[in-house]
Amino acid sequence: MKNSKVLVWSIVVALGGFLFGFDTAVISGAEKAIQILWKLTAVQHGFTVSIALIGTVIGAMLGGIPADRLGRKKTLFWIAVLYLVSSLGSALSNDWYLFLLFRFLGGLGVGASSVAAPLYISEISPAKSRGKMVGLFQFNVVFGILIAYFSNYFMQDLGEHAWRWMLGIQAVPSIIFLLAILYVPESPRWLVMKKGKLDEARRILGLIDPKNSEETLSDILKSTNDRQSQPKAKLFSATYKTPAGLAVMFAIFNQVSGINAIIYYSPRIFEMTGLGTKSAFLSSAGIGLVNFAFTLLAINFIDRFGRRTLMLIGSVGLIVTLSLVARAFFIEDFSGVPIFLFVYIAFFAFSQGAVIWVFISEIFPNEVRANGQALGSFTHWFMAAVVAFSFPIISEYLGGGITFSFFAVMMVFQLIFVWRVMPETKGTSLERLEKTMVLH
């Protein structure tokens, strides 16, 4: 296979996405048992579910710092360590506060992973296949979600400690990721920008794309020299206002679609519609399967049709399906809700789910890409924490109808954003994209 080395490296790094997805979804199987075990109030319960997201917000906010200073590879190694410690610690916790600590550490890993992994993959991928390569990260995220749902389903009958097995099994892929990351090279763009190691960067670029390696190295050097010859601009300056604004808006829309409310609380949502506990768990696994299938479809189309086309299709589908779910809650006829949610997940996976990490990893210049990726990830996870914390409270007091109506209205605004504001980024090198995104 052409660029087989890039594919292997991308798959290894994307294992961070698998752990990201697994860690995100696995709590859905454990949250009710934990609430009963430690007799948690609604607020304590919401905090328990969202504590990993609070860690994720901090991990995303700070993830650009080690990615720039230590390098993309070393940062990914320490992320693997965080995942391993979190999975074992959460499973063995005999105290609520200790459980919160270990879930928080796992969140740090998820947040930093959402910065470092797409960043690394975007920097080693040829322009023509960058969407598909970075899309592997999201593919692994939804694969992790799928495996978490099925793992929860098969472990739910293991007795009163079933939730410990659900959380502890994550140690296995964590160890695999920890060992595999040792065998990938450093990002050539980081080597040039931060270390000035041209020979090592040239060697890695030669493995990635022998035909265009010298041209790519020349573009990286030119971009680096151009930036060094100008006063250093900070991420929050007029120079970078376009990519920063795009990243923030894209990340906000990702979460006000309601995706994490559905991922985290899917068994509970299905029970609200009248399904029994076992059927609710199985329906949640079905959501994971649909998510997986349509993400796979999207990463095969993202470089062909472009990012905007996928987003336009997805936005329309999300508006329709969320409106149908809201209507079902208002009229208290839940017969179609599982189907509506499956179709919702399909549209989300085909659009926002597949596009977000690709798009944010592309729009920032080399000089601030790590911090730009951190800004997008921080915004994404801050909003995810808000949604996860507030969903059980809001849905309890206002009902499912109003909650899902809010998500539907937000997707109308997303459609306008994509139609009027979002640029297309497919098939263009990172250095050439910089010229259209940055005020010189």
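User: Where is Ile394 found?

Analyst: Quick heads-up: what you're looking at is a predicted model. In it, Ile394 is found in helix 17.

User: Is Ile394 buried, partly exposed or exposed?

Analyst: Let's go by relative accessibility, which is 34% for Ile394. Buried would mean under 20% and exposed over 50%. Ile394 falls in between, so it counts as partly exposed.

User: Which helix gives the largest share of the nonpolar patch?

Analyst: The patch covers about 640 Å² of surface and is made by Phe330, Ile331, Ile394, Tyr397, Leu398 and Ile402. Two elements give two or more residues to it: helix 15 (307-331) and helix 17 (369-398). The largest share is three residues, and it comes from helix 17.

User: What about Arg72, is that one buried or exposed?

Analyst: Arg72 lies in helix 4, which spans residues 72-92. Its relative accessible area is 0%. Anything under 20% counts as buried, so Arg72 is buried.

User: How many aromatic pairs does the structure hold?

Analyst: One aromatic cluster is formed by Phe18, Phe22, Phe139, Phe143 and Phe292. For the structure, the number of aromatic pairs is 26.

User: Which residue lies over the face of Trp419?

Analyst: Here we're looking for a charge over a ring, with a cut-off of 6 Å from the ring centre. At 5.4 Å from the ring centre of Trp419, the residue over its face is Arg420.

Note on methods. Residues numbered from 1 in each chain as written. Predicted model: local features only at pLDDT ≥ 70, side-chain atom pairs only at ≥ 80, totals over all residues. Heavy atoms only, no water. Patch = residues over 30% accessible without salt bridge, like charges linked within 9 Å, V, L, I, M, F, W, Y side chains within 5 Å. Areas by Shrake-Rupley, 256 points an atom, 1.4 Å probe, with all protein chains shown as cover. Salt bridge = Lys/Arg side-chain N within 4 Å of Asp/Glu carboxyl O. Helix = DSSP H or I, 4+ residues; strand = E, 2+ residues; numbered from the N terminus. Buried < 20%, exposed > 50% of the residue type's maximum accessible area, 1.4 Å probe, protein only. Phe/Tyr/Trp six-rings, centres within 6.5 Å; stacked < 30°, edge-to-face > 60°. Lys NZ or Arg CZ within 6 Å of the ring centre and 35° of its normal.
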